[in-house]
Amino acid sequence: MCASGCASSFWWPSAPGKSLFAVVAWLCACATGNARGADAADFEKRYAESVRPLLETYCSACHGKEQEAANKLDLSLYASIDDVGKAHARWQKAIKRLEAKEMPPDDAAAQPSEEERRAIIDFLKAFFAEQAKKNAGDPGPVVARRLNNAEYDYTIRDLTGVDIRPAQEFPVDPANEAGFDNSGESLAMSGALVKKYLQAARQVSEYVVFKPEGFCFAPHPVVTDTDRDKYCVKRIVDFYKRQPTNYADYFQAAWRYKNREGLGKPGATLDDFAAAGRVSPKYLQLMWATLTETKDEVGPIAQLQVMWNDLPAAEGSKIAADGREPEVVRGHCEKMRDYVVRLREKLEWKFANLVLKPIGPGSQPFVLWKDRQFATHRMTLNRSALQVAGETELAAADEKPDAEAEAGADDDDAAKKKMTLKKPVADPELTIPADPAGRARYEDAFERFCKVFPDAFYISERGRIFLDRPKDKQDKGRLLNAGFHSMMGYFRDDEPLCELMLDDAGQRELDAMWEELDFITLAPIRQHTGFIWYERAESHTIRGSEFDQFRSEDKDITSEAKIKQFAEVYLAQARKNAPEDGNAAEAIKAVEDFFDSVNAKLRWLEQAKLASEPSHIKSLLEFAQRDYRRPLSDAERDDLVAFYRQLKDKDGLSHEDAMRDTVASVLMSPHFCYRLDLEVAGPRQKALGDYGLASRLSYFIWSSMPDAELLECARKGELHKPEVMTAQARRMLRDERARGLAVEFLGNWLDFRRFEEHNAVDRERFPAFNNELRQAMFEEPIQFFLNMVRDGRPVLDLLYADYTFVNPALAKHYGMTGVTGAADHWQRVDDAGQYERGGLLPMAVFLTKNAPGLRTSPVKRGYWVVRRLLGEEIPPPPPNVPVLPTDEAQLGDLTLRETLARHREIKSCAACHDRFDSMGLVFEGYGPIGERRDKDLGGKPVDANATFPGGSEGEGLAGLRQYIKQHREADFLDNLCRKLLSYGLSRTLVASDEPLVEAMRKRLAQDDYRFNCVVESIVTSPQFLMKRDEEKLTSSDNFHSGGSLRSTPATR
Amino acid sequence: MRNFLQAASDKISRRTLLRGAGVAMALPWLETIPVWGAVSGAVGSVTDAAAMPKRFAALFLACGVNQNHWWAKGAGEKMELGKSLEPMAPFKSKINFVRGLFNKAATGVGIHPGQTGNLLSGVPLQKGAELRGGITMDQVLANHLGEETVQPSLVLGCEQPVTGYHETNFSMAYSSHISWQSSTSPVPMEVYPSLAFDSLFENHGNMRNRSILDRVQEQAKALAGEVSSGDRGRLDEYLTSVREVEKRIDKMRPELDKAKERAADQGKPLIAMKRPDDGLPEDIREHMKLMCDVIALAFQTDKTRVATLLLCRDISGLFYPFLDVRTAHHPASHDDLSDSYERITRYYVSQLAYLCGRLEAMPEGEGTVLDNSCLMFVSNMTSGSKHDNSKLPVLMAGGLGGTLETGRVLDYTNEGDDKRKMCSMYLSIMDRMGVKLDRFGDATTRLAGF
């Protein structure tokens, strides 16, 4: 815009001198408080008679018709002062240009006198001040807007509890003039997007998992059998793994309790130590009693008690002071544990397979029977493992143990091979006396031991159990499997855990999960059809034609009648071949029990499925209510249920499909996809209802839906009260969901929102730049910001802080030592100045983002500082600017700095570059990926000196900070307030927002520059609490400030 | 709401009508009305093979074939067929007998599930509790072509899946599913012919979205009455967008509507397949035949262009008293050179022949639906007794709209391993259906000479 010449125009009839006189006189009148003189008509008159002629004289030649489209001011559009009033933002820019004397440009044919310039500026400022005052607190134009992609994803996350991120498939949202993508100005809807919404809604509905009581969302889709299995099994196995089953932890906790005085905690209870040691209080009580209450004379518990009493005591105050205990304690406890585990292994049970030809040991009835034997004997003594002195037949010391019987995969083979139990080797730990009294005493002691220390608390994976393979040769990874071959089926074996360790709540939780496993996976049905298939295809048990009527695929194969028939035929075959011995009787009983239990489970499932449907409808209504972010009306509830019934009863969908489609429809509802700001009441400026406020607040601070507490405040009708709003805002800023604000507000404001996709770095030249480092760079400002918010640090820390936050990858990049741990471990580093870091300015993310790859870009870096951080308006560069080499090494004899200096010798370039080059040159000590450096890629020493606008000089980060502190701090604060306000209100600012911006600035200064205080200003402002009543707004009021929508992404 | 209810009940009655018609006619097939293009003699008939949709179906037989009787020689009408292939004799000029292809990732990993779950994907499978494989070629096709039809694909089976663990520690899910929608999830398989039939009609598949969109429209309309004019603009925008999507769904039907008109003109019902009864046909023969009928119907009326049919599962428990075989499929396959297993093989090939016959009877353009399709009959191994899958038996039928030359015997037995990949053939098939990928499974090149 500056490059073209400005030919002056003299066609305007009114002489400039006269206009000037008139406007100055009028301004004086305003200044003396003549309020009456400054009404709308007066502004109109002055504009027409005095200001407009000046603009025509000095500006119209360039700012003529249709310039607005080229993002330049088009004066022909502003015939009246009303027109000016409607374009607040544009004219604010114009004022800034005039003040900075960028306009008219130096090569213009005529320049206004200083007085004329002032007059125009003062008039416009007075006009906008008056506008602002008149409309102060106008809520401004906030139209219904769809959730943007980020909000959509966060909302789905908080609605379902699963971070599904369906919006990753959506097209990028366009940003509004303020640079944010959360306003109705820019968030358009299209058929293509609706299609994406539909896919997203369907995708989310596939995560719904239907339980006996209600539904919830699984961490992955649960439509297929295998996914349902995964979901149910994983939950149970995870639960098991969470249980504290390391005996050493219990011995240690018991020791601490015993030594509580020595440890300086005389008042602590056993439960306290259980909590501190993260062990089960219930089991710790038992352990304590076992170790201390009754003294065992013989056997393993007696041995443990000896070891226990050998534990050293906590030695008085020296240890108590720092809360430590002798290191030997842990080792001792581990020895006690190892003793228990070793001994317990020796006492394990062995059970022979049941066989009843042609039914093999791998058939379901027999495998389940064997599972049950193990499960019910985990806390009892296997007496046969003990060695009675002089009685038990022992292997000689040099005798090799018999080879473990290893059956092949085939059942018949397994049945043929008889298990040969090897003779035991003499073991003093298992030796008990032969005399009846002594033997009984020992056996009782072992029995007690087995009761306290089960051979396993739970079984989380099980190989084909009928093969009797040694533990290390068993199939791995068959979680919760019943031990079948090829058939699916689960078996629960966790009685010791329930009895010894879990409290009532834990037991209920585990019971529910096992019940849900059957319910969700339909395990009883699938296990039964698998049984029929296996007996036919794998074990050949059912070959006769009498079995032909039973097929896995038959729909009624699980009906009571069919099961009874099948049991009859199956049992008849079993009995036919049964030998007349006890083993056969037991086998037949196992088969009978099996069919009874199968039938019972199937009948339960049938009932549970039916009984669950009303609870799913209840869940649906609750879901819809959360989805709409407000209570449903009765009509809405009825309508929703009617829709489900429609799908189920008339369209013929199954219950689950109908439910899923209803869930999808709720997610497609405009009540969900749009932020509507409904519920308004009263004249002109309407107060937003409390639920509307809850959403405004939550989308401001979390970019997501309100949580239960916020909705509860709304339900009580308290949210509109300033103290409640403030308290909620404070709470929410401390919540981890405030990350939404950090990513969406800070990320878009400072233009790093899409840095996770940044691919401009040449990774061959900069191998240090990998995905992990990129992620860490992205995260640094977020961590910094969140910490600032949480700790109530001043916003000026963003500029001047001598600390920052790093994870191991970033610490390495910054040359900081001593930061270790996982990638998500972030720690604060003080005295960051020694590494030339601290605050936003030297963060690698900005330095990298604003470097084009193989060189730095003082232009981009400086431009980022003045435009993004300080809020200075800089016009876009003219076309045909010379392009710098992409690689510093190709600059030839000149340094980048010198090349830029040459560029600034061209006057039209200098007009802008003088304003920001210096602020990029100070970063020359940082290379293209923000790394510290002494030489540039061309091998020349770097020079980080700069002369800032206004003539002051400085070097590097310190120099820039000093310059900002002395000259630009107010700009930064003002910009921060404007950006945050614009983000918080989801719209571009208008003239009437000026008083609020002013108030925010003041509040910052008064309140130690704490970030939270400006948030509180915003959420208690009329702008935030009200909704504009558009029907009643007249054109001369405070309309949306216009400005063409940029169809660019929020950040680029 | 009233409109919506009205619309929904319309749909219902339409489907009920179809069912009713079928039942009333009590005739299994009357398919003489082409859906695409026009029958000869009809006014303004235009036929353009390129405009006809191309379809793909895979039919799976587990545990191999009787190799002694699995051969073909010669070309075209003069082709000679082994005994097990005799049912295909009427279609000699429309088939390709392919020998020697294999899936590297399915070899050397142990028998059965590890040989099956990646038959159509070519990627290695993971053992243990966590399922991991790859998306299969039929689902790749469905993802690309499925938006234009009621169902992206039909995934059918005649035997229920099982999901326990095999001795190789692979999940039996790999034995049960040949169609996988992602690396971790199989496509749920439909076993009931009645439900497979239903899935082709309104309110199913993509059509289910209509109900949702109808409801959303009602809501947006109602809401527009409650909000300010500015907000109303936004809701109107939403409404318009929703309608746009709905129209796209409706577009799936114009060809069908045309066909319906033609049918009405001739006084014939278009869809004349009787809805199968609920539950399962007692006879497996009836079951398989009905599944083939559903695929034929879906292809003819362009309800889907992709189908897989698991005629039996790997380690199948199906049994065949009607073939005079007393053992179930899996044990029978351990004696794969027996007469019994030859009868079983031939019986399965006859299912392919049946489907070919159905599609051949459906005129479409200047040819038939078969001419515009590609049916692939395949097993997870050649020899059930040796569990040998180093060279898979493959039999193709249909010319994919003239893009696939037929009547040939293609022998890749003596080619190097990288020139006889199943996935190379899949790339070649997908190419012809307009889905051009750089790589699929373990292949980056097309199958030479295909």
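Buried area is the accessible area that two parts lose on being put together, summed over both. Keep that in mind, everyone, as we go through this predicted model.

Let's start where chain A and chain B meet. The area buried between chain B and chain A is about 6100 Å², and carbon and sulfur atoms give 55% of that. In terms of residues, 73 from chain B are in contact with 73 from chain A.

What holds charged partners across this interface? Between chain B and chain A the count is six salt bridges. One of them joins the side chains of A:Asp657 and B:Arg208, with 3.7 Å from N to O. Polar contacts also cross the interface of chain B and chain A: the rule finds 29 residue pairs, both partners at pLDDT 80 or more.

Now, which helices of chain B supply the side that touches chain A? At least two residues each come from α1 (2-25), α6 (208-224), α7 (229-250), α9 (284-300) and α10 (329-333) of chain B. The biggest giver is α7(B), with twelve residues. Sorted by class, that side of chain B has 34 nonpolar, 24 polar and 15 charged residues.

Let me move inside chain A, beginning with a salt bridge. A:Asp122 pairs with A:Arg118, and their closest N and O atoms are 3.2 Å apart. Both sit in helix α5 (residues 114-134) of chain A, and because they are four residues apart there, about one helical turn separates them. Over all chains, the structure holds 96 salt bridges.

Next, the aromatic rings. The count is 66 aromatic pairs over all chains. Take A:Tyr283 and A:Phe457: their ring centres are 5.4 Å apart and their planes stand at 85 degrees, so this pair is edge-to-face. Edge-to-face here calls for planes over 60 degrees apart. A:Tyr283 lies in helix α11 (residues 281-292) of chain A, while A:Phe457 is in the loop between α17 (436-452) and α18 (495-501) of chain A, so the pair ties together parts that are 174 residues apart in sequence.

Finally, a word on confidence. Chain A averages a pLDDT of 86, and 89% of its residues score at least 70. Over residues 1-16 of chain A, pLDDT stays under 50, and the model has 32 contacts beyond four places in sequence for them. Residues 30-37 of chain A are also below 50, with four contacts beyond near neighbours in sequence. Where pLDDT is low, the predicted coordinates should not be read in detail.

How values were computed. Residues are numbered from 1 along each chain as its sequence is written. Chains are lettered from A and ligands numbered from 1 in the order in which they are written. Side-chain values use heavy atoms; hydrogens and water are left out. Contact means heavy atoms within 4.5 Å. Buried area is the accessible area (1.4 Å probe) that two parts lose on being put together, summed over both. A salt bridge is a side-chain nitrogen of Lys or Arg within 4 Å of a carboxyl oxygen of Asp or Glu. A polar contact is a pair of N or O atoms within 3.5 Å; within protein, one must be able to donate a hydrogen and the other to accept it, and residues adjacent in sequence count only if both atoms are side-chain atoms. Ala, Val, Leu, Ile, Met, Phe, Trp, Tyr, Cys and Pro count as nonpolar, Asp, Glu, Lys and Arg as charged, and the others, Gly among them, as polar. pLDDT is the predictor's confidence in each residue, from 0 to 100. Rings of Phe, Tyr and Trp (its six-membered ring) pair if their centres lie within 6.5 Å; planes under 30 degrees apart count as stacked, over 60 as edge-to-face and the rest as tilted.
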